[in-house]
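The sequence and coordinates are shown first.

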Amino acid sequence: MKLIFLGPPGAGKGTQALGVSSKLAVPHISTGDMLRAAVRNQTATGLAAKAYMDKGQLVPDEVLIDMVRERLSMDDCAAGYLLDGFPRTVEQAEALEQISAPDMVVNISVPDVKLLERLAGRRVCGKCQGTFHISKLADEEVCPVCKGELIHREDDKPETITRRLKVYHEQTAPLIGYYSAKGKLKTVDGDNRPEDVLKNILASLE
Ligand code: AP5
Ligand code: MG
C-alpha cells in the first residue's frame with residue numbers, strides 16, 4: 001500500500017508511523033528525519049535546508065521532490081510506502097502523482113492548543129528515533145527504551161512552533177481538500193490516546 005500521513009506538526013505522524021509501517025510492511029519515510037540526517041552529515045541538501053528548518057519554514061519544493069523521487073526508487077519501496085511529512089504543498093502533491101501516486105491519505109487531526117503543548121515537551125531518541133513527551137519521562141535526557149540520548153529538536157522552541165503551525169495552515173492544510181476531491185482522504189481524530197489513534201488509523205485503512 002502507498003500511504004500518506006497528513007497532519008500538522010505534532011499531530012503524531014512519527015509516533016503512529018512506527019506501528020502502521022510495520023503492520024503494512026512498507027518503509028516509513030519521514031522527510032523531516034531525512035533532512036535532519038542531511039543536516040547532521042553536512043551534505044549539500046542539509047546545508048541548504050538548515051536555515052529554513054530552524055526558522056520553521058518549508059524547504060523549497062524542488063529539493064524535497066528530488067529527495068523523495070530518489071528515495072521512492074529504492075528497492076524497499078516496491079510494495080509501497082508510508083510517507084510522513086510529504087507532500088506539504090500542492091506542488092509536491094502534483095509531483096508525487098507523477099512519481100508514484102498514493103492509494104490513500106490519512107489526515108491526523110488535532111487542535112492547535114494541544115499541538116503547542118505536545119511539541120514543547122517532545123524529546124526524540126538520537127539512537128532508536130523513539131518519540132516521547134516529558135510528562136511521561138522519568139529522565140528527560142535518557143531514552144527509556146534503549147538508553148540513548150534524548151534530543152530536544154531545534155525547531156521545538158515556542159516561537160518556531162507558532163511559525164510551523166502558521167505555515168501548516170497556509171501551505172499544507174489545502175491538501176485536505178486536494179485529496180478529498182480525489183476520494184482518497186480519511187480523517188482520524190488524533191486527540192486520543194496513542195493506542196486508540198493507532199486502532200482508528202488501521203480501521204480506516206480496511
Ligand atoms: P517534520 O520533521 O516533518 O516535522 P512536522 O511535520 O512539523 O511534524 P513533527 O515531526 O513535528 O510532528 P509529528 O506529527 O511527527 O508528531 P510526533 O509523533 O513527533 O519537518 C520538520 C521540518 O523539515 C519542517 O518544518 C520543514 O522545514 C522541513 N520539511 C520536512 N518535510 C518537508 C516537505 N515535504 N517540504 C518542505 N519542507 C519540509 O508527536 C509530537 C509529540 O506529541 C511527542 O512528544 C509525542 O510523544 C506526543 N504525542 C504523539 N501522539 C500523542 C497522543 N495521541 N496523545 C498525546 N501525545 C501524543
Ligand atoms: Mg515527525
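## Ligand surroundings

A residue is near a molecule or strand if one of its heavy atoms lies within 4 Å of it. Of the 34 residues around ligand 1, those that come nearest are Thr-15, Gln-57, Arg-88, Arg-122 and Arg-164.

Polar contacts, defined between ligand and protein as pairs of N or O atoms within 3.5 Å, include a backbone N or O atom of Gly-14 at 2.9 Å from an oxygen atom of ligand 1. A polar backbone atom of Ala-11 is 3.2 Å from an oxygen atom of the ligand, and an N or O atom in the side chain of Arg-153 is 3.1 Å from an oxygen atom of ligand 1.

## Basis of the model

The model is predicted: local features need pLDDT of at least 70 and side-chain atom pairs pLDDT 80 or more, whereas totals for chains, interfaces and linings use all residues. Residues are numbered from 1 along each chain as its sequence is written, chains are lettered from A and ligands numbered from 1 in the order written, and side-chain values use heavy atoms, without hydrogens and water.

## Cysteines

The whole structure contains zero disulfides, a disulfide being a pair of cysteine sulfur atoms within 2.5 Å. Cys-143 is in no disulfide; its nearest cysteine sulfur, that of Cys-125, is 3.8 Å away.

Cys-143 counts as buried because its relative accessibility is 0%, and Cys-77 counts as buried at 10%. Buried means under 20% relative accessible area, exposed over 50%, and partly exposed in between (1.4 Å probe, protein chains only).

How values were computed
A polar contact is a pair of N or O atoms within 3.5 Å; within protein, one must be able to donate a hydrogen and the other to accept it, and residues adjacent in sequence count only if both atoms are side-chain atoms.
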